[in-house]
Amino acid sequence: MTVNEQNTEQAARKWFAKSFGDLSHAERWLLERLAQRKIVAENVSVEFHSDLTFGQRLADSVSRFGGSWTFIILFAVGLLLWTGLNSYVLHKPFDPYPYIFLNLMLSMLAAVQAPVIMMSQNRQAAMDRMDATNDYKVNLKAEIEIMALHDKLDQMRTEQLAALLAKQQEQIDLLMKLVDSRAR
(Lines give C-alpha, C1' and ligand atoms only; values in the text may rest on other atoms or scores of the structure.)
Protein backbone atom coordinates (compact mmCIF):
# COMPACT_ATOMS: atom_id res chain seq x y z
CA MET A 1 0.00 0.00 0.00
CA THR A 2 1.46 3.38 -1.02
CA VAL A 3 1.68 6.37 1.30
CA ASN A 4 -1.12 8.12 -0.61
CA GLU A 5 -3.37 5.05 -0.29
CA GLN A 6 -2.59 4.86 3.43
CA ASN A 7 -3.44 8.54 3.84
CA THR A 8 -6.76 8.18 2.02
CA GLU A 9 -7.57 5.06 4.05
CA GLN A 10 -6.82 6.94 7.28
CA ALA A 11 -8.89 9.91 6.12
CA ALA A 12 -11.81 7.63 5.23
CA ARG A 13 -11.72 6.04 8.66
CA LYS A 14 -11.31 9.39 10.41
CA TRP A 15 -13.97 11.42 8.58
CA PHE A 16 -16.48 8.75 7.52
CA ALA A 17 -15.79 5.96 10.02
CA LYS A 18 -15.56 3.47 7.11
CA SER A 19 -12.83 1.98 5.02
CA PHE A 20 -12.02 3.63 1.68
CA GLY A 21 -13.54 0.65 -0.17
CA ASP A 22 -16.88 1.13 1.63
CA LEU A 23 -17.24 4.78 0.61
CA SER A 24 -19.67 5.89 -2.07
CA HIS A 25 -18.37 7.26 -5.37
CA ALA A 26 -19.04 10.84 -4.24
CA GLU A 27 -17.22 10.32 -0.93
CA ARG A 28 -14.19 8.78 -2.67
CA TRP A 29 -14.11 11.61 -5.18
CA LEU A 30 -14.32 14.12 -2.33
CA LEU A 31 -11.46 12.54 -0.39
CA GLU A 32 -9.27 12.56 -3.50
CA ARG A 33 -10.08 16.24 -4.11
CA LEU A 34 -9.34 17.03 -0.46
CA ALA A 35 -5.98 15.25 -0.67
CA GLN A 36 -5.13 17.31 -3.77
CA ARG A 37 -6.44 20.52 -2.09
CA LYS A 38 -8.75 21.17 -5.06
CA ILE A 39 -12.11 22.93 -5.21
CA VAL A 40 -15.15 20.64 -5.24
CA ALA A 41 -17.81 23.18 -6.25
CA GLU A 42 -18.83 22.94 -9.90
CA ASN A 43 -20.96 25.17 -12.08
CA VAL A 44 -23.57 22.53 -12.87
CA SER A 45 -25.57 24.84 -15.12
CA VAL A 46 -22.70 25.42 -17.56
CA GLU A 47 -21.81 21.72 -17.66
CA PHE A 48 -25.44 20.69 -18.11
CA HIS A 49 -26.32 23.23 -20.80
CA SER A 50 -23.16 22.63 -22.83
CA ASP A 51 -24.34 19.17 -23.91
CA LEU A 52 -27.90 20.05 -24.99
CA THR A 53 -28.96 19.08 -28.49
CA PHE A 54 -30.84 21.43 -30.83
CA GLY A 55 -34.12 19.66 -30.03
CA GLN A 56 -33.56 20.01 -26.29
CA ARG A 57 -32.75 23.71 -26.59
CA LEU A 58 -35.85 24.16 -28.78
CA ALA A 59 -38.01 22.32 -26.22
CA ASP A 60 -36.68 24.58 -23.46
CA SER A 61 -37.42 27.68 -25.54
CA VAL A 62 -40.95 26.49 -26.34
CA SER A 63 -41.52 25.66 -22.69
CA ARG A 64 -40.16 29.01 -21.55
CA PHE A 65 -42.35 30.90 -24.05
CA GLY A 66 -45.41 28.70 -23.45
CA GLY A 67 -45.28 29.48 -19.73
CA SER A 68 -44.96 33.24 -20.11
CA TRP A 69 -47.42 36.09 -19.84
CA THR A 70 -46.47 37.08 -23.38
CA PHE A 71 -47.80 33.75 -24.65
CA ILE A 72 -50.98 34.01 -22.58
CA ILE A 73 -51.70 37.55 -23.79
CA LEU A 74 -50.92 36.75 -27.44
CA PHE A 75 -53.01 33.57 -27.20
CA ALA A 76 -55.97 35.47 -25.71
CA VAL A 77 -55.69 38.16 -28.40
CA GLY A 78 -55.52 35.47 -31.09
CA LEU A 79 -58.63 33.73 -29.73
CA LEU A 80 -60.53 37.01 -29.53
CA LEU A 81 -59.55 37.92 -33.09
CA TRP A 82 -60.52 34.47 -34.37
CA THR A 83 -63.92 34.48 -32.72
CA GLY A 84 -64.51 38.17 -33.55
CA LEU A 85 -63.66 37.69 -37.23
CA ASN A 86 -65.75 34.54 -37.56
CA SER A 87 -68.72 35.86 -35.60
CA TYR A 88 -69.10 39.55 -36.44
CA VAL A 89 -66.73 40.82 -39.16
CA LEU A 90 -66.76 38.27 -41.97
CA HIS A 91 -69.98 37.79 -43.94
CA LYS A 92 -68.86 34.30 -44.94
CA PRO A 93 -66.83 33.06 -41.93
CA PHE A 94 -64.26 30.35 -42.63
CA ASP A 95 -64.91 28.80 -39.16
CA PRO A 96 -68.47 29.59 -38.03
CA TYR A 97 -69.72 29.02 -34.52
CA PRO A 98 -69.09 26.48 -32.76
CA TYR A 99 -65.54 27.05 -34.16
CA ILE A 100 -64.71 23.44 -35.02
CA PHE A 101 -61.49 24.37 -36.84
CA LEU A 102 -60.38 26.46 -33.83
CA ASN A 103 -61.03 23.45 -31.58
CA LEU A 104 -58.91 21.28 -33.86
CA MET A 105 -56.06 23.83 -33.81
CA LEU A 106 -56.21 24.13 -30.01
CA SER A 107 -56.19 20.35 -29.61
CA MET A 108 -53.18 20.00 -31.91
CA LEU A 109 -51.36 22.77 -30.06
CA ALA A 110 -52.01 21.07 -26.71
CA ALA A 111 -50.97 17.68 -28.13
CA VAL A 112 -47.61 19.10 -29.22
CA GLN A 113 -47.02 21.52 -26.38
CA ALA A 114 -47.61 19.10 -23.49
CA PRO A 115 -44.85 16.58 -24.35
CA VAL A 116 -42.42 19.41 -25.16
CA ILE A 117 -43.05 20.97 -21.75
CA MET A 118 -42.66 17.55 -20.09
CA MET A 119 -39.31 17.02 -21.86
CA SER A 120 -38.13 20.38 -20.57
CA GLN A 121 -39.33 19.58 -17.04
CA ASN A 122 -37.54 16.21 -17.09
CA ARG A 123 -34.33 17.93 -18.11
CA GLN A 124 -34.81 20.51 -15.34
CA ALA A 125 -35.31 17.69 -12.84
CA ALA A 126 -32.06 16.07 -14.04
CA MET A 127 -30.26 19.39 -13.61
CA ASP A 128 -31.76 19.75 -10.13
CA ARG A 129 -30.41 16.30 -9.23
CA MET A 130 -26.95 17.29 -10.48
CA ASP A 131 -27.20 20.50 -8.48
CA ALA A 132 -28.21 18.60 -5.35
CA THR A 133 -25.27 16.20 -5.78
CA ASN A 134 -22.93 19.17 -6.14
CA ASP A 135 -24.42 20.78 -3.02
CA TYR A 136 -23.91 17.51 -1.13
CA LYS A 137 -20.24 17.38 -2.13
CA VAL A 138 -19.64 21.00 -1.16
CA ASN A 139 -21.45 20.58 2.16
CA LEU A 140 -19.56 17.38 2.91
CA LYS A 141 -16.23 19.04 2.18
CA ALA A 142 -17.17 22.02 4.35
CA GLU A 143 -18.12 19.68 7.18
CA ILE A 144 -14.83 17.79 6.91
CA GLU A 145 -12.86 21.05 6.78
CA ILE A 146 -14.69 22.29 9.89
CA MET A 147 -13.93 19.04 11.71
CA ALA A 148 -10.27 19.36 10.65
CA LEU A 149 -10.17 22.91 12.00
CA HIS A 150 -11.65 21.70 15.28
CA ASP A 151 -8.94 19.04 15.45
CA LYS A 152 -6.25 21.66 14.81
CA LEU A 153 -7.71 23.95 17.47
CA ASP A 154 -7.86 21.07 19.95
CA GLN A 155 -4.26 20.19 19.16
CA MET A 156 -3.16 23.82 19.61
CA ARG A 157 -5.06 24.04 22.89
CA THR A 158 -3.44 20.82 24.11
CA GLU A 159 0.04 22.10 23.16
CA GLN A 160 -0.65 25.44 24.87
CA LEU A 161 -1.86 23.69 28.00
CA ALA A 162 1.23 21.46 28.02
CA ALA A 163 3.48 24.52 27.62
CA LEU A 164 1.56 26.35 30.34
CA LEU A 165 1.86 23.38 32.68
CA ALA A 166 5.59 23.11 31.97
CA LYS A 167 6.00 26.84 32.65
CA GLN A 168 3.95 26.50 35.81
CA GLN A 169 6.11 23.58 36.94
CA GLU A 170 9.24 25.72 36.35
CA GLN A 171 7.75 28.48 38.49
CA ILE A 172 6.82 26.02 41.22
CA ASP A 173 10.37 24.63 41.15
CA LEU A 174 11.79 28.18 41.42
CA LEU A 175 9.43 28.96 44.29
CA MET A 176 10.45 25.75 46.05
CA LYS A 177 14.14 26.71 45.69
CA LEU A 178 13.36 30.14 47.09
CA VAL A 179 11.48 28.65 50.02
CA ASP A 180 14.34 26.17 50.67
CA SER A 181 16.96 28.92 50.48
CA ARG A 182 15.00 31.12 52.94
CA ALA A 183 14.41 28.22 55.28
CA ARG A 184 18.14 27.57 55.66
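**Salt bridges, pockets and a surface patch**

Lys14 and Asp151 form a salt bridge, and their closest N and O atoms are 3.1 Å apart. Lys14 belongs to helix H1 and Asp151 to helix H6, so this pair ties together parts that are 137 residues apart in sequence. A salt bridge here is a side-chain nitrogen of Lys or Arg within 4 Å of a carboxyl oxygen of Asp or Glu. Helices are DSSP runs of H or I with at least four residues, numbered from the N terminus. Asp151 counts as partly exposed because its relative accessibility is 32%; buried means under 20% relative accessible area, exposed over 50%, and partly exposed in between, with a 1.4 Å probe and protein chains only.

The model is predicted: local features need pLDDT of at least 70 and side-chain atom pairs pLDDT 80 or more, while totals for chains, interfaces and linings use all residues. Residues are numbered from 1 along each chain as its sequence is written, and side-chain values use heavy atoms, with hydrogens and water left out.

Side chains of opposite charge can pair when their charged atoms come close. A search of the whole structure finds 5 salt bridges. Another of them joins Asp60 and Arg123, with 2.8 Å from N to O. Asp60 is in helix H4 and Arg123 in helix H6, so here the parts tied together are 63 residues apart in sequence. Asp60 has 13% relative accessibility and therefore counts as buried. Arg123 counts as buried as well, at 10%. Glu27 and Lys18 also form a salt bridge, and the closest N and O atoms of this pair are 3.5 Å apart. Glu27 is buried, with a relative accessible area of 8%, whereas Lys18 is partly exposed at 30%.

Rolling a probe the size of a water molecule over the atoms shows where empty space is left. On a 1 Å grid over the protein atoms alone, a pocket is an open set of points where a 1.4 Å probe fits, with protein on both sides within 12 Å along at least five of seven lines; lining residues have an atom within 4 Å of a point.

The largest pocket has a volume of about 230 Å³, a volume being the space filled by probe spheres set on the grid points. Which helices each supply at least two residues of its lining? They are H1 (3–16), H2 (25–35) and H6 (100–183). H1 gives the most, with 5 residues. The lining includes Asn4, Trp15, Leu34, Arg37 and Glu145. By class, the lining of the largest pocket has 7 nonpolar, 3 polar and 2 charged residues. Ala, Val, Leu, Ile, Met, Phe, Trp, Tyr, Cys and Pro count as nonpolar, Asp, Glu, Lys and Arg as charged, and the others as polar.

The second largest pocket has a volume of about 160 Å³. Asp60 and Arg123, the partners in a salt bridge, are among the residues that line this pocket, which also include Phe48, His49, Arg57 and Gln124. Helix H3 (44–50), helix H4 (54–66) and H6 give two or more residues each to the lining of the second largest pocket. H4 gives the most, with 4 residues. The classes in this lining are 2 nonpolar, 4 polar and 4 charged residues.

On the surface, a nonpolar patch is formed by Leu85, Tyr88, Val89, Leu90, Phe94, Phe101, Leu104, Met105 and Met108, with about 900 Å² of accessible area together. Helix H5 (69–89) and H6 are the elements that give two or more residues to the nonpolar patch. H6 gives the most, with 4 residues. Such a patch takes residues with over 30% relative accessible area and no salt bridge, and joins nonpolar side chains within 5 Å (like charges within 9 Å). The areas come from the Shrake-Rupley method with a 1.4 Å probe. Leu104 sits in helix H6 and counts as partly exposed, at 43% relative accessibility.

The last stop is the backbone of the loops. Most residues other than glycine have a negative phi, and most peptide bonds are trans. Ala17, in the loop between H1 and H2, has a positive phi near 60 degrees. Ala17 is exposed, with a relative accessible area of 67%. Arg37 is found in the loop between H2 and H3 and has a positive phi of about 60 degrees although it is not a glycine. Arg37, part of the lining of the largest pocket, counts as exposed at 67% relative accessibility. The peptide bond from Tyr97 to Pro98 is cis, with omega near 20 degrees.
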